[in-house]
Amino acid sequence: MTTKSMRRMRGAGVAAATAALALLLAGCAGTTPAATTTTPAPGTGSTGAASASPTPTGTPTAASAPTVRVPATCDELQPVPAGFTPVETQPTGDSPADYAAARAGVLQCAYSDAANVTLTFSVTPDVSAEDYSATADGVDFGPLPAAPAIGPDAREECPLSSRADLCQFIDLENGYGITATAYSGDQGTALPADVVDGFAAAVPQLAAAVTALGAPEPLWHPSGADLPGAVGCENLISDARLNEILGTTKASAFKTDDGEYARFPFRVSKQVGSEWCLWGSETDAGAGASVLPGGASYLPAAMAASERYDWQPAPEYPGEAYIATQEGSPQSTVDLAIDDAWVQVSGPVEVLPALVDEVLGNVGAVVG
């Protein structure tokens with residue numbers, strides 16, 4: 001096997017692990033029903049006067065942030081394996097795109113044991129056949145053999161033929177995309193036989209449980225402004241406009257939230273209008289941009305946890321804005337909470353305001 005092939009197979013483990021670990025929703029919890037409050041609403045008679053006795057009215061309280069949309073919890077779909085404990089983490093990352101799965105309500109679950117073995121699975125709602133193919137036939141999961149005994153679309157290998165420390169599973173059931181992994185934290189150390197056997201037994205049960213699920217909960221939207229966002233780099237900023245702002249001629253997009261560089265399986269970012277792109281060339285200056293409609297609530301914690309950036313208020317930019325420069329970098333990065341969205345733009349500091357204005361206009365933000 002070539003070095004490039006090995007790197008891509010290693011990337012499959014990293015991508016699956018990242019999707020299931022780096023952005024786990026708190027507690028691996030299922031959908032939380034909206035709270036209900038009882039408020040005394042005065043009744044009115046035919047004259048419009050208030051009646052003597054107020055009538056209790058159940059008023060659903062809208063969620064203030066995205067919730068898991070899968071109508072089941074981790075434990076309901078797959079009991080905690082013997083000897084393992086749940087891993088509970090909040091979404092993490094520096095980019096809005098790192099939070100797209102949480103924003104879309106993906107259920108993500110993980111367990112670890114004392115031997116540094118981690119088991120993960122994720123269930124993504126509203127996955128089409130095309131979305132599934134984009135991941136299942138891609139670089140991360142494409143090499144997996146078909147598993148028709150589990151389902152017509154299922155693919156599974158445990159351990160991988162090229163890596164004894166990694167198992168993978170992917171399937172589409174009932175409109176839900178499923179991924180599962182088992183991997184050793186000590187890369188190169190083969191998974192124990194009982195983990196391999198347990199994985200092979202668990203994934204058919206997981207697929208069957210997902211098949212029995214009802215429809216997903218509706219996608220959460222903020223009560224105020226809700227940007228359309230962007231799908232594709234050209235909808236963040238075109239190459240022509242980017243080169244015009246940078247004063248270059250050859251800068252173009254070289255990484256985007258798709259294919260080999262997708263942050264999550266099943267094109268989930270497209271469900272929420274999220275996109276991230278990097279532009280540059282061997283000789284020209286570069287830039288970066290990312291957007292997550294409805295993602296402004298993630299920004300404070302993301303900046304507080306950031307290890308790369310020292311964020312400072314930037315009142316010269318629209319919305320609630322912060323700027324930072326990574327040590328040794330010729331570029332600065334601006335984070336903006338605007339119209340309930342999180343937008344991030346990077347580029348040379350002298351043209352950063354123009355880049356920000358262009359991106360904000362393209363993703364639908366109201367500036368002024």
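Predicted model: local features only at pLDDT ≥ 70, side-chain atom pairs only at ≥ 80, totals over all residues.
1. Overall make-up. The protein contains nine helices and 15 strands. Of its 368 residues, 47% are buried. Its accessible surface is about 16500 Å², and carbon and sulfur atoms account for 54% of that area.

2. Contacts along the chain. Take the contacts in the protein with a separation of 6 or more: 65% of them are between residues 24 or more positions apart.

3. Seven strands form an open sheet with antiparallel pairing, and their order is 9-10-11-15-14-13-12. Strand 9 (252–256) and strand 12 (312–313) are at the edges; each has a single partner strand, so one side of each has no neighbour in the sheet.

4. Strand 9 pairs with strand 10 (residues 275–280) in the antiparallel sense, over four bridges. A residue pair to look for here is K255 opposite L278 in strand 10.

5. Strand 14 and its surroundings. Strand 14 is largely enclosed by the rest of the structure, because seven of its eight residues are buried. Here a residue counts as buried when its relative accessible area is under 20%.

6. Strand 13 with strand 14. These two strands pair in the antiparallel sense over five bridges. One of the pairs to check is A324, whose bridge partner in strand 14 is T333. The hairpin of strand 13 and strand 14 has six residues between the strands, and G328 in this hairpin takes a positive phi near 85 degrees.

7. Strand 14 with strand 15. Strand 14 pairs with strand 15 over eight bridges, again in the antiparallel sense. D335 is opposite Q344 in strand 15. This hairpin has two residues between its strands, and D339 in the turn has a positive phi of about 50 degrees.

8. The helix across the sheet. Helix 9 (residues 352–363) lies across strand 11 (287–292), strand 13 (320–324), strand 14 (331–338) and strand 15 (341–348). The helix runs at about 145 degrees to strand 15.

9. A buried charge. E156 belongs to strand 6 (residues 155–157). Which side chain of opposite charge is nearest to E156? That side chain is R155, and it is 12 Å away. E156 is buried and has no salt bridge; a salt bridge would need a side-chain nitrogen of Lys or Arg within 4 Å of a carboxyl oxygen. Leaving aside residues up to four places away in sequence, E156 touches L144, P145, A147, Q168, F169, F199, A200 and V203.

Note on methods. Residues numbered from 1 in each chain as written. Heavy atoms only, no water. Buried < 20%, exposed > 50% of the residue type's maximum accessible area, 1.4 Å probe, protein only. Contact = heavy atoms within 4.5 Å. Areas by Shrake-Rupley, 256 points an atom, 1.4 Å probe, with all protein chains shown as cover. Lys, Arg positive; Asp, Glu negative; His and termini not counted. Pairing = 2+ DSSP bridges. Axes fitted to C-alpha atoms, helices over the stretch in contact; angles between N-to-C directions.
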